[in-house]
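Me: I would like to learn how to read the features of a model like this one, taking them in turn. Could you give the general idea where there is one, and then the case at hand?

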Amino acid sequence: MSTGSDGRKPRRGGNFDASRSAPRKRPLPGKAPVAADRAGQPRIAAGPDAFVPDGYSAGDRPGLGARLVAAKLLSAIVDAKTSADGLLDAKGGHSGFRALERRDQGLVKAIILTALRFRGTIDRALDACLDRPLPPNAAALKHILHVGAAQILFLDVPDSAAVDLAVASSGVDSRSQRFSGMINAVLRRLSREKETLRVVAKPGENMPEWLMRRLVATYGAARADAIALAHLSPASLDLSVKGDPASWAERLGGVALTSGTVRLGSFDGPVTDLPGFATGEWWVQDAAAALPAKLFGDLSGKRVADVCAAPGGKTAQLILAGGRVTALDINANRMKRLKENLARLSLEAETVVADLSAYEPDAPFDAILLDAPCSSTGTIRRHPDVGYTKDAAEVDKLAAVQARLLGEAARLLAPGGRLVFSNCSLDRAEGEDVVAAFLAARPDFARDPVTAAELPGFEFALTPEGDLRTTPEMLGAGEGAEGGLDGFYAARLKRL
């Protein structure tokens, strides 16, 4: 999932959106103070020199604050299963991250995403440089090593700086201080041998084991390997435009996909600076995420509900398709974001903040879109933390939520109406299995198969049953501006 229409990150499973503290000088050397959180882990306080050892500040050691924050946030993601989006938000993220200068914030993001994207390769490379395994319960030490290794192996950072600042980072935490010599030796060896060690040994080595097992069970070993390799390439920036995608592609230096999405390929910088953002001509939405709303066709004159609507990318599509749209979401803050986004696009919809189970419309709807909350495993190219913040139990839990929401949405549909169920999970437990169970229990509903003619250029994404199933290796992932898709599932159902 890419940045949104307001330039911020949307919620997982969504598709849309767009102070620096003065350094404190510490003249007397001494032991670094260690504050602890509830779990007993060191806590980074606000301020660019927070958690810097006595005797110098972050102002004296450029880049040290960024590495300390990177190691802390890597711990929060891997150990505490905290979403990277929330931690790395410039306005509402972790206090240590927010206190950094913009340049250092960018470096922290690059380190975190790279360390997660290549976690298996980094583990293997570090093991090759260690004379003996790391001691038990050395999580903090491992995060320091991963932060350093990510820079040495995959980022354009001088190796000497990566090594030096990793050693300095170890001096901050009493648990890692005694390993400073080992950190220095291991990372220097890694620097000497990096050309060999950074080569990915096998497709699945950077995929969490639980996820790889499920992908192999669903897609087979060969396709699971292809998906794993696709996850190593960051996703392109895709835009849904209000009209004339060819013209906007030319103006923005991208390409227009057959679905109408404008793909910019790699992009660095705030999307809010691009032409057309301020005037509401487009919004950020992966090409795959834009497909489910297209399955309704022309909605002119029809009453349409988007029942998990925020942040509103699919709502905008339904409005532009001619529907009289009611956008419903249980979260008031997310609904506020939706309203802001629609206002920028000069689009209007009825908005309702309510629990779907308690919502009672005046009349049934002709069409309903349920883009359900899910594990977001289809967005790992954009969010490599997903594999480490989710697990198999979470997938099963979310599948039960989706089944409940599908049943609740179904009661709002008029006879003869269409319901599209979708989400950005790669797991059939959250897709095909949910729909199969629903149809088995509801004889008043039937699958309404999608035909190839409805999705020109994306015929490859249709299943034999007529559902939509995209996976990250599609469209030649890793082959430039036209490479890759988010993983998405959608089924179109009809009430008899």
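Me: Leaving aside its neighbours within four places in sequence, which residues is threonine 315 in contact with?

Reply: A word of care comes before the list, since this is a predicted model. Threonine 315, which lies in helix 13, is in contact with Asp306, Ala309, Val325, Ala327, Leu338, Leu342 and Ala349, once neighbours within four places in sequence are left aside.

Me: Does threonine 315 count as buried or exposed?

Reply: Threonine 315 counts as buried, because its relative accessibility is 0%, and buried means under 20%. Valine 216, found in helix 10 (residues 209-219), counts as partly exposed because its relative accessibility is 34%; apart from residues up to four places away in sequence, valine 216 touches Ala221 and Ala224.

Me: Which residues of the largest nonpolar core touch the most other members?

Reply: This core has 48 residues, and those touching the most other members are Leu73, Val108, Ile112, Leu126, Leu187 and Leu190. At least two residues each are supplied by helix 1 (64-78), helix 2 (84-87), helix 4, helix 5 (119-129), helix 6 (139-154), helix 7 (159-170) and helix 8 (180-192), with the largest share, 9 residues, coming from helix 1. A second, separate core of 37 residues includes Phe296, Ala309, Leu345 and Ala367. Returning to valine 108, its contacts beyond four places in sequence are Ala66, Val69, Ala70, Leu73, Leu88, Phe97 and Leu100.

Me: How do strands pair in general, and in what order do the 4 strands of the open sheet come?

Reply: Strands of a sheet pair through backbone hydrogen bonds, either parallel or antiparallel. The order here is 2-3-1-4, and the pairing is antiparallel; strand 2 (255-256) and strand 4 (282-284) are the edge strands, each pairing on one side only. Strand 2 and strand 3 (residues 262-263) pair over 2 bridges in the antiparallel sense, and the bridge partner of alanine 256 is valine 262 in strand 3.

Me: What should I look for in the backbone angles, and which residues does a cis peptide bond join?

Reply: Most residues other than glycine have a negative phi, and most peptide bonds are trans. Against that background, a cis peptide bond joins alanine 310 and proline 311, with omega about 10°, and proline 311 lies in the loop between strand 5 (303-306) and helix 13 (313-320).

Me: Where is aspartate 244 found, and what is its phi?

Reply: Aspartate 244 is found in the loop between strand 1 (238-241) and helix 12 (245-252), and although this residue is not a glycine, its phi is positive, at about 55°. Serine 346, in the loop between helix 14 (332-344) and strand 7 (350-353), likewise is not a glycine and has a positive phi of about 55°. Serine 346 counts as exposed because its relative accessibility is 57%, where exposed means over 50%.

Notes: Residues numbered from 1 in each chain as written. Predicted model: local features only at pLDDT ≥ 70, side-chain atom pairs only at ≥ 80, totals over all residues. Heavy atoms only, no water. Pairing = 2+ DSSP bridges. Core = buried A, V, L, I, M, F, W, Y, C linked by side-chain atoms within 4.5 Å. Buried < 20%, exposed > 50% of the residue type's maximum accessible area, 1.4 Å probe, protein only. Contact = heavy atoms within 4.5 Å.
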